[in-house]
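Subject: Structure for you to look at

Hello,

Here is the structure I promised to pass on. Please open it and keep it beside you while you read my notes.

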Amino acid sequence: MTYISFEFFILYFGVTFLLYWIFPKKAKWIVLLAGSILFYLFASGGHILSLIATSLIVWASGLIIQKINDKHNEKENGFSAEDRQPLKSKYNNYKKVVLILGIILNVLILIVLKYFNFFSISLQNLFSVDIPELSFVVPLGISFYTLQAISYICDVYSEKYKAAKNPFHVMLYLTFMLTVVKGPISRYDQLGTQLVEGSNIKSKNVIFGSQLVIWGLFKKIVIADRAAEFVSVAFDQNTFESGSLMIIATLLYMLQFYCDFSGIIDILRGLGQIMGFDMPNNFERPFFAKTICEFWQRFNITLGDWVRDYVFYPVSNSKALKKVVKNDKGQLAAYYSKLIPISIALLISWIITGFWYGQAFKYILFGLYFYVLMMIGLLFEPLMAKICKSLKINRGGVIYTFFQKIRTFVLVAFSMLIFRSDSLSQLKAIIISIIEKPDIAFIKKGASNGMGLTVEDYLILIAGFIIVLLVSIISERKIDVREKFSKLPFVFEFIVFITLIFVIIIFGAYGEGYLIVDLPVQLFR
């Protein structure tokens with residue numbers, strides 16, 4: 001079962017929405033929990049035990065930490081100011097033990113179920129040791145709900161909010177049908193409290209949510225699923241005789257990846273908004289970014305925010321790394337001295353990001369690629385500033401900004417080639433073909449180039465790309481397209497809605513004649 005299937009929209013979201021509307025506000029969360037568990041059972045083939053185990057570990061960890069917090073706050077009142085610090089340290093140590101244990105248990109579940117065979121095969125190849133492979137069913141969405149679980153424990157530890165006393169409230173937060181499989185990765189105070197408190201159905205939310213759903217369906221079905229046909233044929237070949245073909249396939253994969261992932265997120269956020277939930281956005285026109293750092297502030301935003309808050313900041317601000325900088329004693333320039341904790345924290349962050357995307361060395365390479373790019377940018381920033389100043393180049397000007405955007409786009413395009421290649425050997429073959437075999441014969445063949453698309457398909461892809469680009473340009477100029485659209489006369493708005501629905505039905509890439517290839521399934525496990 002997928003998020004764009006008839007079963008999901010009618011049997012699950014439709015029924016859940018109807019019951020959510022009917023039930024009183026205090027009981028609405030029960031409807032969401034029941035619907036979410038039922039959805040997960042069907043979508044995962046019944047493999048829900050690990051999700052239940054994670055929910056119980058998270059709930060228990062949060063509750064124990066909360067009791068320690070309460071006990072500390074209660075005892076603190078009876079101590080003098082000078083005695084409070086030792087007391088605080090004592091209770092912080094208690095909390096830290098629970099925090100570390102809770103994180104370890106969650107990470108162990110993730111590693112054993114998703115990465116055990118990857119590590120066992122890697123160790124066999126490196127050291128020729130005999131480690132048996134185990135047959136595990138990787139739970140659906142484990143990469144997403146594990147990160148949410150860790151964020152919950154960490155936030156209760158830092159007293160950002162109080163732990164939930166009801167274990168089913170925590171379970172709802174982790175199993176919510178609109179986030180459990182494909183994100184966005186949410187925080188408990190960001191989404192969990194909304195789910196528990198419930199909300200009333202409002203006409204404005206229905207209108208705005210429907211806009212997002214239709215826009216997401218357009219990107220996913222009309223553009224992404226059509227581009228996937230070309231991309232899959234291009235990357236499934238073994239010879240890679242045409243470098244120009246692989247360049248076009250890589251660019252189309254960028255379009256497919258963005259429209260698929262962001263399209264699904266738009267659908268989910270739209271459905272959530274219809275029910276009155278404000279879910280975090282995951283994409284903010286990433287291909288308009290001027291730097292790699294800015295790209296990741298716009299692309300898969302909730303993953304980047306999670307890694308920043310729970311990996312990068314804790315590591316870079318750790319006492320050990322601060323001590324390294326303090327003991328430098330001027331041996332390095334102040335700027336580069338400060339880069340030491342940043343470089344180490346970035347390395348760990350990108351290794352974790354690479355592993356999160358999948359259990360293959362190409363994903364680790366994908367993460368390290370961005371790490372190297374970011375470090376190059378940081379290391380050469382003082383030099384670039386001097387060069388631009390001496391050449392009187394306006395770094396905020398239109399020409400320089402355009403150069404930055406093109407440069408970032410090319411660098412990201414290469415990362416997509418790493419991401420889409422089936423293996424490192426295939427990646428090597430494709431790079432060689434791009435450099436040594438710039439054959440354009442397949443382009444001259446037109447629609448008969450054997451890539452699975454007709455002339456009409458190419459025209460629809462081009463038209464779809466132009467529409468997405470225009471909407472992105474308008475949004476980049478801080479013009480709220482949805483708000484403008486909602487202010488149109490109702491009749492005109494209704495006609496546009498119906499037209500878009502028919503465009504999706506007529507021009508969507510589905511049914512006979514289309515071999516639809518979604519994004520790698522490991523991204524959503």
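First, a term: helices here are DSSP runs of H or I with at least four residues, numbered from the N terminus. Please also note that this is a predicted model.

**Threonine 401**

Find helix α16, which covers residues 398-420. Threonine 401 has its place there. Is threonine 401 buried or exposed? Its relative accessible area is 18%. Buried means under 20%, so threonine 401 is buried. Now leave aside the neighbours within four places in sequence. Threonine 401 is then in contact with Lys290, Arg395 and Gly396.

**Isoleucine 57**

Next, go to helix α3, residues 49-76. Isoleucine 57 lies in this helix. Its relative accessible area is 19%, so isoleucine 57 is buried too. Which residues does isoleucine 57 contact, leaving aside its neighbours within four places in sequence? They are Gly102, Leu105, Asn106 and Ile109. Serine 262 is 205 residues from isoleucine 57 in sequence. In space, the two are 31 Å apart, C-alpha to C-alpha.

**Helices α13 and α14**

Two packed helices are described by the angle between their axes and the distance between the axes. Take α13 (residues 334-357) and α14 (residues 361-379). Their axes come within 7 Å. They cross at roughly 160°. Angles over 145 degrees count as roughly antiparallel, so α13 and α14 are roughly antiparallel to each other. The crossing of α13 past α14 is right-handed.

Which residues meet in this contact? On the α13 side they include Tyr335, Leu339, Leu346 and Trp350. On the α14 side they include Tyr363, Phe366, Phe370 and Met374. The residues of this contact divide into 20 nonpolar, 3 polar and no charged.

**Aromatic pairs**

How many aromatic pairs does a search of the whole structure find? The search finds 53. One of them joins phenylalanine 295 and tryptophan 296. The pair is edge-to-face, at 5.6 Å centre to centre, with 85° between the planes. Phenylalanine 295 counts as buried, at 2% relative accessibility. Tryptophan 296 is buried as well, with a relative accessible area of 9%.

Tyrosine 363 and phenylalanine 419 form another edge-to-face pair. Their centres are 5.1 Å apart, and the angle between the planes is 75°. Tyrosine 363 lies in α14 and phenylalanine 419 in α16, so this pair ties together parts that are 56 residues apart in sequence. Both residues, tyrosine 363 and phenylalanine 419, are buried.

Best wishes

Key:
Residues numbered from 1 in each chain as written. Predicted model: local features only at pLDDT ≥ 70, side-chain atom pairs only at ≥ 80, totals over all residues. Heavy atoms only, no water. Axes fitted to C-alpha atoms, helices over the stretch in contact; angles between N-to-C directions. Helix = DSSP H or I, 4+ residues; strand = E, 2+ residues; numbered from the N terminus. Parallel < 35°, antiparallel > 145°, perpendicular 65-115°, else oblique. Left-handed = near helix turned anticlockwise from the far one by under 90°. Contact = heavy atoms within 4.5 Å. Nonpolar A, V, L, I, M, F, W, Y, C, P; charged D, E, K, R; others polar. Buried < 20%, exposed > 50% of the residue type's maximum accessible area, 1.4 Å probe, protein only. Phe/Tyr/Trp six-rings, centres within 6.5 Å; stacked < 30°, edge-to-face > 60°.
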